[in-house]
Amino acid sequence: MTNQDILSKLPYSKPFLFVDEILQIDENGVEGTYTFDENLDFYKGHFKDNPVTPGVILTEVMAQIGLVCLGIFLVNDVLNKNTAIALSSTDIEFLKPVFPNEKVTVISKKLYFRFGKLKCKVIMKNEKGEEACTGTIAGMIVSRS
Amino acid sequence: MNKEQTIEELKNIVKPYIQNQEAFDVLTEDTDFINDLKINSANLVDVILDIEEKYDIVIDNEAMERMVNVKAAMSIIEAKLSEKN
């Protein structure tokens, strides 16, 4: 499966697609990027006259690249209507603010993928290569047969 | 395998994941992980992985699906341990 195939199988669209590019992917992990468009709606209110990317959005970027892209690669299949994916837990520390127009790189390493649960150690780096966020994220991929 | 000791070991394993303290306090062989202890399905995977680590066994999908309560967990652990020897 090519990186482009994985992107086309993501179950998201604008304004909630937070993956631009997959740089590298294998059974042990994934690395990908996303650039925050300054026109994204949430910047209008977070914060008033002082746009900073919300932590929940940073978490979503880490989950979409680090967990969902890797999950699609691991199950090697399209996420169709018989497959349910769900976030089950996050434990993230936010170290640096991320501003509009910043390009971030997410690096995810698989801790385990067992019984439909994928748990990863995920790091987000900013353009300077500094760690902006770090933590663990887990989710479930379940077939509704 | 000592039954009381195994129940005690299982209590220690499930403790971080339970959402119903009352059911945990009166845990017996018949206690159901999901319906009684309110362990969610994602955390049940961690319970299984912790059991694998504690007893140095490998639990397959079929055994995982049967592992719904304390009694089933004990019988699966016992079976997997006897396979090893």
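This is a predicted model: local features need pLDDT of at least 70, side-chain atom pairs count only at pLDDT 80 or more; totals for chains, interfaces and linings use all residues.
B:Asp56 sits in the loop between helix 3 and helix 4 of chain B. Those two helices each give two or more residues to the side of chain B that touches chain A.

**Contact between the chains**
- Chain A puts eight residues into the contact, and chain B puts in seven.
- On the chain B side, helix 3 (41-55) and helix 4 (61-66) are the elements that give two or more residues.
- Helix 3 of chain B gives the most to that side, with five residues.
- By class, the chain B side holds five nonpolar residues, two polar residues and no charged residues.

**Helix 3 of chain B and the residue after it**
- Helix 3 of chain B has 15 residues, which should span 21 Å at 1.5 Å a residue; the end C-alpha atoms are 21 Å apart, in agreement.
- Buried residues of helix 3 of chain B include B:Leu44, B:Val45, B:Val47, B:Ile48 and B:Ile51.
- B:Asn43 and B:Asp46 are buried in this helix too.
- B:Asp56 follows helix 3 of chain B, with a positive phi near 55 degrees.
- B:Asp56 is not a glycine.
- Most residues other than glycine have a negative phi.

**Helix 2 of chain A**
- Helix 2 of chain A covers residues 55-75, which makes 21 residues.
- From first C-alpha to last, helix 2 of chain A reaches 29 Å, close to the expected 30 Å.
- At A:Ala63, helix 2 of chain A bends by about 30 degrees.

**The largest nonpolar core**
- The largest nonpolar core has 50 residues.
- Among the residues that touch the most other members are A:Val61, A:Met62, A:Ile65, A:Cys69 and A:Leu70.
- A:Val106 and A:Met124 also belong to that group.
- Helix 2 of chain A gives the most to this core, with 11 residues.
- In soluble globular proteins, nonpolar side chains tend to be buried together.
- Beyond its neighbours within four places in sequence, A:Ile65 contacts A:Val19, A:Val30, A:Gly32, A:Tyr34, A:Val106 and A:Ser108.

**Strands of chain A**
- Strand 1 (residues 21-26) and strand 2 (residues 29-35) of chain A run antiparallel, joined by five bridges.
- A hairpin of two residues connects strand 1 of chain A to strand 2 of chain A.
- A:Glu21 has A:Thr33 as its bridge partner in strand 2 of chain A.
- Strand 4 (residues 103-114) and strand 5 (residues 117-125) of chain A are antiparallel, with nine bridges between them.
- A:Lys109 faces A:Lys121 of strand 5 of chain A across this pairing.
- Two residues lie between strand 4 and strand 5 of chain A in their hairpin, and A:Phe115 in the turn has a positive phi of about 50 degrees.
- Strand 5 of chain A also pairs with strand 6 (residues 131-143) of chain A, antiparallel and over nine bridges.
- In strand 6 of chain A, A:Ala138 stands opposite A:Lys119.
- The hairpin of strand 5 and strand 6 of chain A has five residues between the strands, and A:Gly129 there takes a positive phi near 85 degrees.

- A:Tyr12 is exposed because it has 12 C-beta neighbours inside 10 Å.
- Not counting residues up to four places away in sequence, A:Tyr12 touches A:Leu17 and A:Gln64.
- A:Tyr12 and A:Gly129 are 117 residues apart in sequence and 27 Å apart, C-alpha to C-alpha.
- A:Pro15 lies in this loop as well.
- The A:Lys14 to A:Pro15 peptide bond is cis, with omega near 5 degrees.

**Loop between strand 2 and helix 2 of chain A**
- A:Phe47 is found in this loop.
- The peptide bond from A:His46 to A:Phe47 is cis, with omega near -5 degrees.
- Most peptide bonds are trans.
- A:Asp49 is in this loop too.
- A:Asp49 is not a glycine, yet has a positive phi of about 60 degrees.
- A:Asp49 has 5 C-beta neighbours inside 10 Å, so A:Asp49 counts as exposed.

Methods: Residues are numbered from 1 along each chain as its sequence is written. Chains are lettered from A and ligands numbered from 1 in the order in which they are written. Two residues are in contact if their C-beta atoms, placed from the backbone, lie within 7 Å. Helices (H or I, at least four residues) and strands (E, at least two) are DSSP runs, numbered from the N terminus. Ala, Val, Leu, Ile, Met, Phe, Trp, Tyr, Cys and Pro count as nonpolar, Asp, Glu, Lys and Arg as charged, and the others, Gly among them, as polar. The expected span of a helix is 1.5 Å times one less than its number of residues. The bend at a residue is the angle between axes fitted to the seven residues ending there and the seven starting there. A nonpolar core is a set of buried Ala, Val, Leu, Ile, Met, Phe, Trp, Tyr and Cys residues joined through C-beta atoms within 7 Å. A residue is buried if 20 or more other C-beta atoms lie within 10 Å of its own, exposed if 12 or fewer, and partly exposed in between; C-beta atoms are placed from the backbone. Two strands pair if DSSP finds at least two bridges between them.
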